[in-house]
Amino acid sequence: MAIAVALFAALSAFVIVATDESDASTAGTMNIYVYDGTGWSDYTDRSGYNALQGLQNTGLSITADTSYILQLENSWGTYTEINSSYGTVTAIGSVTNTTSSVWNVIIYDEIAEEWTIGSDALGFITPFEDGAIPSANIVLYYGADATTVPSAVTSYMSTKTLASLVSITNDTMYTYSFYIQASVTGYTPTVAEDTEVSYFTSDGSISTKVLTASDITSGITIVGYGSNAYAALKDALGDNVSGNDSAGAYNGWLYTLFDLGTVSSGSNYIYWAQYTGSGGYLNYNLGAYSALENVPSDGSATNQFNESSFRIIYTSY
C-alpha cells in the first residue's frame, strides 16, 4: 500500500453523460439540486453509490475529475493511489468554473439538520448513514466561491421534501465477513470489555458470543454490516477499531486493532496485513471496498473494489 507522497499528479477531466441503472446488488439514492446562476433544476431519487454517480444519473453533461485511481511516482518508484479530487466538477453543461464563479457543493447534514459546505470531491459524499461524508441531498450552486451557505440555497431548499440517508440493515447486500488473527509471539490483543460479536461457527451458521483475546490469537471469522468494509468492521468490533475516519484516499487506514498497531521488530515490521477472503493483498484501505457492485472502480482487473470477505492478519514482514 503506497504511503509516500507523490511528486506530481496530472489529473484528467472527462465530459460524460450517464443514464440511471441499477440492479439487486447496488444501493443508494439521493436528490440533486442544480443552480446554474440563473435558475434551479431538481433531480430527485437519483441512484448512486456516491454524489458523483448521482449527478451522472441526472442525464446532464458534466465535466469532472472522474479518475478514481492515479498513477503516481516518488523516489522509490511508481505506485497507485485513490484520487482525493475524485468527482470534482468544473462544468455542468456550458456553465464553467471561472475566476469569479465556481460550482459550489452544498450538502444537507441530517444529524445537525442544516445545510453546510460540502467536499468538492463529490465521489466521497455518500447517501449512507455510515458514510465518511453522509448526505442524501446535494446542491450544486454556481456562484462566488462560498465559505458559508448562500441564503438563496436555504430559501429554495426550505420548500423541498428532502431524501433520507440509507439505513444499513442486516441484509445480504450490506454483509461482510472478516477472518481476524493475531498470533505473533509477544503481542497479545486487548479486547474491549463485553465486546459481543456475530461470528461464523464451524458448521457455517452465524452465532453470537463475547469476544476474547484467545479468539483473536487462534483466529475467528466475524460478521459486520455496512456500506463499505471499514464501516462494517467498526460495526462488528466497535471500540476495538481505531482508524482513519476521514473521507478520501485514506479512509479505513487501520491505526490499531485490539490495541495492536504497526511496530518495528529488528529488521522487520509487525502490522495488520489485509487481504480479500480469497487471499489477494489489499492495495487500498478498507473504506474503498464495498459489497455493493456500484462501488467506484477504474474498470481495470487490478483495481476492483467489490469485495465482501476479508482476512486481517497481524503478522511480521
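View 1. V197 stands opposite K209 in β16. This is a predicted model, in which local features need pLDDT of at least 70, side-chain atom pairs count only at pLDDT 80 or more, and totals for chains, interfaces and linings use all residues. Residues are numbered from 1 along each chain as its sequence is written, and side-chain values use heavy atoms, with hydrogens and water left out. Strand β15 covers residues 196-200 and strand β16 covers residues 206-210. Five bridges join them, and they run antiparallel. Strands (E, at least two residues) and helices (H or I, at least four residues) are DSSP runs, numbered from the N terminus. Two strands pair if DSSP finds at least two bridges between them. Five residues lie between the two strands of the hairpin. In the turn, G204 has a positive phi of about 90 degrees.

**View 2. Seven strands form an open sheet.** The order is β16-β15-β17-β14-β23-β22-β21, and the pairing is mixed. β16 and β21 (263-265) are the edge strands, each pairing on one side only. Neighbouring strands are turned by 35 degrees against each other on average, direction ignored. Axes here are lines fitted to C-alpha atoms, for helices over the stretch in contact, and angles run from 0 to 180 degrees between N-to-C directions. Helix α4 (residues 229-237) packs on the sheet and touches β14, β15, β17 and β23. Contact means heavy atoms within 4.5 Å. The direction of α4 makes about 110 degrees with that of β17.

**View 3. Strand β14 is largely enclosed.** Seven of the eight residues of β14 (residues 175-182) are buried, so the rest of the structure largely encloses this strand. Buried means under 20% relative accessible area, exposed over 50%, and partly exposed in between (1.4 Å probe, protein chains only). β14 runs antiparallel to strand β17 (residues 220-225), with six bridges joining them. F178 has I222 as its bridge partner in β17. With strand β23 (residues 309-316), β14 pairs in the parallel sense over six bridges. Here A182 has Y314 as its bridge partner.

**View 4. β21 pairs with β22.** β21 and strand β22 (residues 268-276) pair in the antiparallel sense over three bridges. S265 stands opposite N268 in β22.

**View 5. Five strands form another open sheet.** Its order is β3-β2-β13-β9-β10, with mixed pairing. β3 (40-47) and β10 (114-117) are the edge strands, and each pairs on one side only. Strand β2 (residues 29-35) and β3 run antiparallel, joined by six bridges. M30 stands opposite R46 in β3.

**View 6. T26 is a buried loop residue.** T26 lies in the loop between β1 (14-16) and β2. T26 counts as buried because its relative accessible area is 18%. Leaving aside residues up to four places away in sequence, T26 touches M173, L292, E293 and N294.

View 7. E113 has a phi of about 55 degrees. E113 sits in the loop between β9 (102-109) and β10. E113 counts as exposed because its relative accessibility is 61%. For D194, phi is about 60 degrees. D194 sits in the loop between β14 and β15. D194 is exposed, with a relative accessibility of 64%.
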